[in-house]
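Me: Please take the terms used for this model one by one and say what each rests on.

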Amino acid sequence: RIAQDRMMGTAGMLDALLGFIAYVGAMMVGVRVFSRASPAVVAFALAPVVCLVALAATALQSRGINLWTYLVTYWFLVTGFLMGFGAMYKSLSLRILSDLLEKAGHSDDARQIFTRYLVQDSYQNRLAMMCETEMLAQNADHYTLLTKGRRLASRVRTLQLWFGIQRSG
């Protein structure tokens with residue numbers, strides 16, 4: 001019985017690894033097919049879908065599977081991937097390094113880097129995105145918090161207070 005449980009556990013890990021490989025493949029296709037959606041949204045939406053499809057494919061093979069081993073392994077791998085993907089997707093440091101790699105002589109003026117990444121990327125693009133998603137409205141030289149933004153800010157502030165976060169960002 002112990003040997004059979006170990007084999008099912010190992011099989012569950014291998015099936016989860018195959019499911020994870022399918023997830024990475026689906027991500028590579030998904031971010032291109034759904035190019036108008038945020039890659040983060042695609043990554044989060046695909047994870048449970050691929051998990052269920054891979055689990056169903058495993059179940060159709062009509063052999064035993066240790067569900068808990070499968071789920072724990074799959075979600076462990078996906079969570080690790082999402083952390084790395086998030087760092088690659090949103091890291092300002094990696095974006096600066098990548099852009100310098102493309103520049104002639106792998107060099108750029110410090111002021112231009114500062115302006116491009118701090119002023120434009122960190123503030124102007126974020127404010128534009130918040131206006132596009134109807135969280136803010138821009139009126140002449142000021143921004144006004146809209147209902148959608150007020151709801152989100154209120155929820156986040158409540159969570160920050162629960163976890164003792166005084167300042168963020």
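This is a predicted model: local features need pLDDT of at least 70, side-chain atom pairs count only at pLDDT 80 or more; totals for chains, interfaces and linings use all residues.

Reply: Residues are numbered from 1 along each chain, and side-chain values use heavy atoms, without hydrogens and water.

Me: Why are α2 and α3 called roughly antiparallel?
Reply: Helix α2 (residues 39-60) and helix α3 (residues 67-90) pack at about 160°, with axes 11 Å apart. Angles over 145 degrees count as roughly antiparallel, so α2 and α3 are given that name. Their crossing is right-handed.

Me: What makes the contact of α2 with α3 nonpolar, polar or charged?
Reply: Contact means heavy atoms within 4.5 Å. Residues of α2 including Phe44, Val50 and Leu55 meet residues of α3 including Tyr74, Trp75 and Phe85. The residues of this contact divide into 19 nonpolar, no polar and no charged; Ala, Val, Leu, Ile, Met, Phe, Trp, Tyr, Cys and Pro count as nonpolar, Asp, Glu, Lys and Arg as charged, and the others as polar.

Me: Which residues does Phe81 touch?
Reply: Phe81, in helix α3, touches Phe20, Tyr23, Val24 and Met27, leaving aside residues up to four places away in sequence. Phe81 and Val24 are 57 residues apart along the chain, yet their C-alpha atoms are separated by 8.4 Å.

Me: What lines the largest pocket?
Reply: The largest pocket holds about 650 Å³ of space. It has 19 lining residues, and Lys90, Asn125, Arg126, Met129 and Met130 lie nearest its centre. The lining divides into 11 nonpolar, 3 polar and 5 charged residues. Its largest share, 8 residues, comes from α5.

Notes. Axes are lines fitted to C-alpha atoms, for helices over the stretch in contact, and angles run from 0 to 180 degrees between N-to-C directions. Helices (H or I, at least four residues) and strands (E, at least two) are DSSP runs, numbered from the N terminus. Angles under 35 degrees count as roughly parallel, over 145 as roughly antiparallel, 65 to 115 as roughly perpendicular and the rest as oblique. A crossing is left-handed if the near helix is turned anticlockwise from the far one by less than a right angle, and right-handed if clockwise. On a 1 Å grid over the protein atoms alone, a cavity is a set of points where a 1.4 Å probe fits but cannot get out, and a pocket is an open set with protein on both sides within 12 Å along at least five of seven lines; lining residues have an atom within 4 Å of a point. Grid points are joined across faces, edges and corners, and a volume is the space filled by probe spheres set on the points.
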